[in-house]
Amino acid sequence: MTKRMVVALGGNAILTDDASAQAQQKVLTKTAYYLADFIEAGYELIISHGNGPQVGNLLLQQQIGASLQNPEMPLDTAVAMTQGSIGYWLENALTNELKKRKLNKPVATVLTQVVVSENDPAFLEPSKPIGPFLTAEEVSVERKKSTSVFKEDAGRGFRKVVPSPKPIGIVELPIIQQLVENGTITIAGGGGGIPVVEKADGYEGVEAVVDKDFASEKIAALVKADMLVILTGVDYVSIHYNQPNQEELTKVTVSEMTTYIQQNQFAAGSMLPKVEAAIAFINENKEAKAVITSLENIKNLLNKETGTVITK
């Protein structure tokens, strides 16, 4: 029986110091080389990706060029724009890699709306930094123009912060399922998806950012994936990170990971959401596995199941 997998790719794995389209496409060519191993191994594959740096750059470009005749686009639209551009690059890179391997598999990108609740407490306490760093003087000017919230960020200046609500549904889920069942490699949920709330007459975009790992988990749970693979910059999740007694985690249970969370072993905004997403996925599908590892470790994951493998 064909196994179904959702792979979550970080936005920082796409953008290097060079923010040009050519540089990001070059990185995605390398990414596609590794991802094609899953396809070659016979997995039905859904790929999600981050877009944090790309949205930040886009917002900066819009801010510089904004005028009454050419106003800035809202955040939900900026997320959609970067979903499209990154999806286009990744789709082309994967198609080209599959042709090299003589694998006759179509690839498609689905512009994905992720449903959130307008009653999510995250809307009362914006926390997700987006866009460029600003000085105190620049923030003073911005506050006179809008109701945006700005917070100081680690001594580097101020950044706009927006709510980060949890995903509760995927608008395009039937389309994603149909594509996967028909053998299409599907790119979906880019940047955590376009955040929307459900109204009586349809869906409406909101000024928020959904965490990419939680959106990936929601897609994986709803399509009943056998495995959720969250790719990050290290081969293994570690406890006592960057300390003399640092320990890499290989095969662990949900219970063990929950204990490590209670011990504050994982950094908020970094490894913690990945671990929480992995746990949520397994709690929704107890026979499944979640893996946190690096892009470069994919061959080892396929051959020896190395990486941090989390099970019930």
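Trainee: How many residues of domain 1 are in contact with how many residues of domain 2?

Mentor: Contact means heavy atoms within 4.5 Å. Here 9 residues of domain 1 touch 7 residues of domain 2. This is a predicted model, in which local features need pLDDT of at least 70, side-chain atom pairs count only at pLDDT 80 or more, and totals for chains, interfaces and linings use all residues. Residues are numbered from 1 along each chain as its sequence is written, and side-chain values use heavy atoms, with hydrogens and water left out.

Trainee: Where do domain 1 and domain 2 run in the chain?

Mentor: Domain bounds come from an automatic or database domain assignment. Domain 1 covers 4-116 + 166-310, and domain 2 covers 127-162. Their C-alpha centres are 27 Å apart.

Trainee: What area is buried between domain 1 and domain 2?

Mentor: Buried area is the accessible area (1.4 Å probe) that two parts lose on being put together, summed over both. For this pair the value is about 600 Å², with 69% from carbon and sulfur atoms. On the domain 1 side, Gln63, Glu207 and Val209 lose the most area to domain 2, together 54% of what that side buries.

Trainee: Which residue forms a salt bridge with Lys160?

Mentor: A salt bridge is a side-chain nitrogen of Lys or Arg within 4 Å of a carboxyl oxygen of Asp or Glu. Lys160 pairs with Glu207, and their closest N and O atoms are 2.7 Å apart. The rule finds 1 salt bridge across the interface of domain 1 and domain 2.

Trainee: How is the lining of the largest cavity divided by class?

Mentor: Ala, Val, Leu, Ile, Met, Phe, Trp, Tyr, Cys and Pro count as nonpolar, Asp, Glu, Lys and Arg as charged, and the others, Gly among them, as polar. This lining has 4 nonpolar, 2 polar and 2 charged residues.
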